Structure formats: C-alpha cells, structure tokens
Amino acid sequence: MLPHLQLILLLLAFISHEPEAVAQSQVAPITKHTDLATPLYSVQLMITSWVNRDIFYKNLLIDIDAPFTWYNCTVDWNSLIYNRNCPTCPAPVSCQEYQCTNVRTSYSYESPSCLPVTNSSTLPGWGDCTCPVNVVNPVNGTCGHALLNFDEFTFRGSDGKNPLPEYLVRSQLMFESFPANVTGVMAFSTSRYAFPAYQFQPFTKTFCLCLPSSMSAHGVMFSGNGPYYLLPNSDVDLRSLLSYIPLLSYPDSFGYFIGVKSVVVKGRSIDVSNSTTKLSTIEPYTILRRDIYKQLVHIISIATMGILRVRPMAPFGLCLKNQIGRSHVSLLVPDIVLKLEDGKKWIISSSNSMKQVKKNVACLTFVDGGETSEHGIVIGTFQMEDNFLLFDLENSSLGFSSSLLSNKTSCANFNFTGP
C-alpha cells in the first residue's frame with residue numbers, strides 16, 4: 001500500500017502579477033529522470049503556502065492518462081484544528097461535498113488492486129468526514145488511498161520566448177515519490193479534473209510537451225495559445241512546423257489516441273488501420289502488438305543487413321554493432337514513418353528509433369507487447385523526445401513536428417533565463 005497521502009483536485013484561477021509583457025501562454029521546465037529502471041519526465045510547478053504565501057517547488061511526473069493531479073503532502077493536524085490552515089496543505093474535502101462523489105464515481109483510478117473507499121475516516125479534532133479516493137502509481141501499478149483536498153500552484157507566464165513574472169493558479173491536487181525529487185503526478189489528460197480542463201481566458205485548453213533527450217538540460221511545457229519559440233530560431237513560431245491530426249477517444253480512458261493507418265519503412269508497409277494507437281508519457285519505448293512488432297523487426301533487419309548484429313539487450317529485440325565514436329543518429333537505419341489521417345506522416349528518424357545502450361551497441365527502441373496487447377501501438381517517450389507535440393483539447397487535435405533536430409533545434413532550447 002502507498003503511504004497516507006493528500007489528494008488535491010485542479011481548480012484553476014489565474015491571478016496576474018502585472019507582468020511588463022502580456023503573457024500569451026504559461027511555461028514550465030521539464031526534466032528527464034534516469035535514476036530508475038526506465039526514464040521518466042517531470043514538470044516543475046510552484047506551490048503557494050496558504051499561511052505565509054511563500055512559494056516552494058515541486059516536480060510532478062507528467063502523465064497524460066491520469067484522471068487528476070496528486071502529490072505527497074504531510075499535514076500539520078494541529079494547524080488544521082486550531083487555525084483551519086496548514087502551511088503545506090489546506091483542509092481536505094468533506095465526503096458530503098459534490099466533488100467527492102463526482103471524483104469517486106466518474107474520475108477515479110480503476111485497478112483490481114484498489115480496495116473500496118469508505119467515509120469512515122475523520123480529521124483529528126474536527127469530526128468531519130474526509131474523502132478518501134483511489135490513486136494508482138502509474139509506474140508500478142500499486143494502489144492506495146489519498147484524501148481529496150484543495151491547494152494552489154503557480155506556473156510562469158510567457159510571451160513564447162521568455163518566462164514572465166508568475167501567474168497564480170488555484171488548484172484541486174495530490175501524492176508519493178518516484179525518481180529523486182519527484183513527489184507526485186501532474187495530470188494532462190482529458191479528464192475534467194486534469195490540468196487542461198481548468199485553462200480559462202486568456203488561455204485556451206491547449207498544452208504542448210517538448211521532452212528533452214538528456215538529463216543535462218530542461219525541456220519545456222507550454223499551456224495556452226502560443227506562440228512558441230526555441231533557440232536559435234527565435235523568429236520561427238513552432239506552430240508553423242506542425243502537422244495536425246484528430247485526437248480520438250477510447251472507452252473508459254482519459255488518454256490520447258490517434259489514427260495510424262500504416263507503418264512504413266523504405267516503401268514496405270505494415271497495415272495497422274484496425275488497431276488503436278495510444279500516446280503515453282509513462283512507457284519509455286513504443287510498444288507494438290506482437291504481429292506488428294515481428295513485421296517491423298523483419299523489415300528493419302532486411303534494411304540494415306550491412307550492419308553487424310549483436311546479442312539483443314532487454315527489453316530490445318534487435319541490436320546493432322555501432323562503430324566506436326559514431327552516434328546512434330549516424331547509423332544507416334531508415335526512417336520509420338507512421339502514416340496518419342489525411343496523408344499526414346509522423347517521421348521517426350534514427351535519433352528516435354535507435355538507442356545507444358553501450359559504447360558500441362545501439363538497439364531498436366520498439367518493444368514486443370505480446371499477442372493480446374489491448375492497443376496495437378503505444379507510442380512511448382523515447383519516440384517523443386525532441387518532438388514538439390501540441391494537444392488542442394478545444395478542437396480535439398494533435399499537432400506534431402517530427403524530430404526538431406532536422407530544424408537545427410531541440411526541446412532543450414527554450415530560453416528560461418529571460419530576455
């Protein structure tokens with residue numbers, strides 16, 4: 001079981017600190033974490049103390065499936081009893097409030113490992129019932145209970161090129177730690193309690209993710225209308241590089257799905273039109289149902305016959321000898337093309353298909369999902385690195401750039417230092 005946690009739903013209200021420039025979006029740094037078995041990505045936000053208004057920072061795991069945001073919170077019960085305030089968390093939501101029933105019945109985590117929630121718990125010294133809800137660790141699938149709560153947090157405003165003075169955001173949030181310094185989950189899903197649902201004017205229900213490929217530099221998250229810029233091309237709005245396709249829904253899921261018609265490598269096509277394709281910020285590598293996986297590995301094997309094979313290294317099934325001193329990008333591996341709606345193409349070049357796992361070994365970063373995988377394709381984070389993805393919930397569309405490296409920039413090139 002997970003430790004006792006505080007859950008906070010996202011209720012957003014923007015308060016301007018009168019920046020000199022007009023904020024057209026919000027911006028936050030994204031960090032890549034590799035201290036666990038699989039890479040994970042977090043976004044940094046600023047939590048505001050309810051007592052002294054001090055701001056402290058939290059890194060929350062990016063999850064585009066989660067029904068709500070949650071983080072670890074230690075409550076000072078004496079402060080709650082006597083002051084009805086807490087420096088780190090406000091009072092939990094009562095089990096009698098509408099939000100409690102709504103989250104439990106329609107926007108909660110579903111897992112066989114979750115135990116039923118009850119209204120038997122009360123706050124020490126208060127007598128009011130609390131609202132425990134189920135929360136699931138997206139990394140290992142363990143389930144626990146957390147208390148529904150309210151809190152507030154801050155993102156920086158941006159003109160698309162630089163961060164501006166803070167905008168205050170009120171939220172309904174929550175809990176536990178993953179990689180070092182990551183203390184919860186930030187929900188970017190389609191749920192009404194996820195972050196995008198609480199974007200109000202002047203910001204639209206749009207957010208962008210640009211995941212970094214290295215731990216040494218931050219990627220960037222934008223929310224709002226744009227424009228969006230990366231160095232050194234400070235006059236090129238990234239929206240001009242995007243192709244757009246519809247976002248699709250899937251039963252009992254708050255996640256994001258797209259329509260992939262086929263996977264093409266050097267003119268050889270794999271028909272996947274009858275399969276679902278999901279996007280994931282938790283899965284590190286793209287997962288393919290076994291029949292699709294075998295066909296892709298076969299085609300790549302033929303296309304790379306001139307490169308020496310080496311023993312596969314889990315979880316990968318195809319690994320190649322890479323000359324010392326050469327990067328995985330320089331391997332003569334063909335592009336993998338996802339053919340999408342309206343003839344659009346998501347091009348996965350070798351920088352997003354091959355990973356250097358040892359000094360002279362690079363592996364294909366598509367993994368076998370088994371014969372009974374629920375989805376034919378689950379696009380993982382390695383394939384998203386240094387790609388600019390725009391999620392437009394108002395128009396149910398996804399904008400994608402393919403690799404930014406071909407445009408001489410990367411997700412690490414946002415200017416967080418200001419003008």
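These legends describe close-up views of a predicted model.

**View 1. The protein as a whole.** The chain has 419 residues, and 57% of them count as buried. Its secondary structure comes to 4 helices and 29 strands. Of the contacts between residues at least 6 apart in sequence, 70% join residues at least 24 apart. The accessible surface comes to about 17500 Å², and carbon and sulfur atoms account for 51% of that area. The structure also holds 5 disulfides, and a search of the whole structure finds 17 aromatic pairs. Some of these disulfides and aromatic pairs are the subject of the views below.

**View 2. The disulfide between Cys100 and Cys131.** The sulfur atoms of Cys100 and Cys131 are 2.1 Å apart and form a disulfide. The link is right-handed, with 95° about the S-S bond. Cys100 is in helix α2, which covers residues 98-106, while Cys131 is in the loop between α2 and β7 (132-136). The two cysteines are 31 residues apart, and the pair links distant parts of the chain. Cys100 has a relative accessibility of 0% and therefore counts as buried. Cys131 is buried as well, with a relative accessible area of 0%.

**View 3. The disulfide between Cys114 and Cys143.** Cys114 is joined to Cys143 by a disulfide with an S to S distance of 2.0 Å. With 105° about the S-S bond, this link is right-handed.

View 4. A disulfide joins Cys210 to Cys411, with 2.0 Å from S to S. The torsion about the S-S bond is about -80°, so this disulfide is left-handed. The pair links distant parts of the chain, 201 residues apart: Cys210 is in strand β12 (residues 206-210), and Cys411 is in the segment after β29 (397-403). Cys210 and Cys411 are both buried. Cys208 is in no disulfide; the nearest cysteine sulfur belongs to Cys210 and is 8.9 Å away. Cys208 has a relative accessible area of 1%, so this residue is buried.

**View 5. An open sheet of 4 strands.** The strands stand in the order β17-β16-β22-β23, with antiparallel pairing. Strands β17 (268-271) and β23 (345-348) are at the edges and have a single partner strand each, so one side of each is left without a neighbour in the sheet. From one strand to the next, the twist averages 20°. Strands of a sheet pair through backbone hydrogen bonds, in a parallel or an antiparallel way.

**View 6. Strands β16 and β17 with helix α3.** Strand β16 (residues 260-265) runs antiparallel to β17, and 4 bridges join the two. Val263 stands opposite Ile270 in β17. Helix α3, which covers residues 290-303, lies across β16, β17 and β22 (336-340). Helix α3 runs at about 175° to β17.

**View 7. The aromatic pair of Phe222 and Tyr228.** A pair of aromatic rings is described by the distance of the centres and the angle of the planes. For Phe222 and Tyr228, the centres are 4.9 Å apart and there is 50° between the planes, in a pair that is tilted. Phe222 is buried, as is Tyr228.

View 8. Tyr256 is in strand β15 (residues 256-258) and Phe391 is in strand β28 (residues 387-392). The two residues are 135 residues apart, and their pair links distant parts of the chain. Both Tyr256 and Phe391 are buried. Ring pairs also link Tyr256 and Phe391 into a cluster with Phe188, Phe195 and Phe207.

Definitions and conventions. Residues numbered from 1 in each chain as written. Predicted model: local features only at pLDDT ≥ 70, side-chain atom pairs only at ≥ 80, totals over all residues. Heavy atoms only, no water. Disulfide = S-S within 2.5 Å. Buried < 20%, exposed > 50% of the residue type's maximum accessible area, 1.4 Å probe, protein only. Pairing = 2+ DSSP bridges. Axes fitted to C-alpha atoms, helices over the stretch in contact; angles between N-to-C directions. Contact = heavy atoms within 4.5 Å. Phe/Tyr/Trp six-rings, centres within 6.5 Å; stacked < 30°, edge-to-face > 60°. Areas by Shrake-Rupley, 256 points an atom, 1.4 Å probe, with all protein chains shown as cover.
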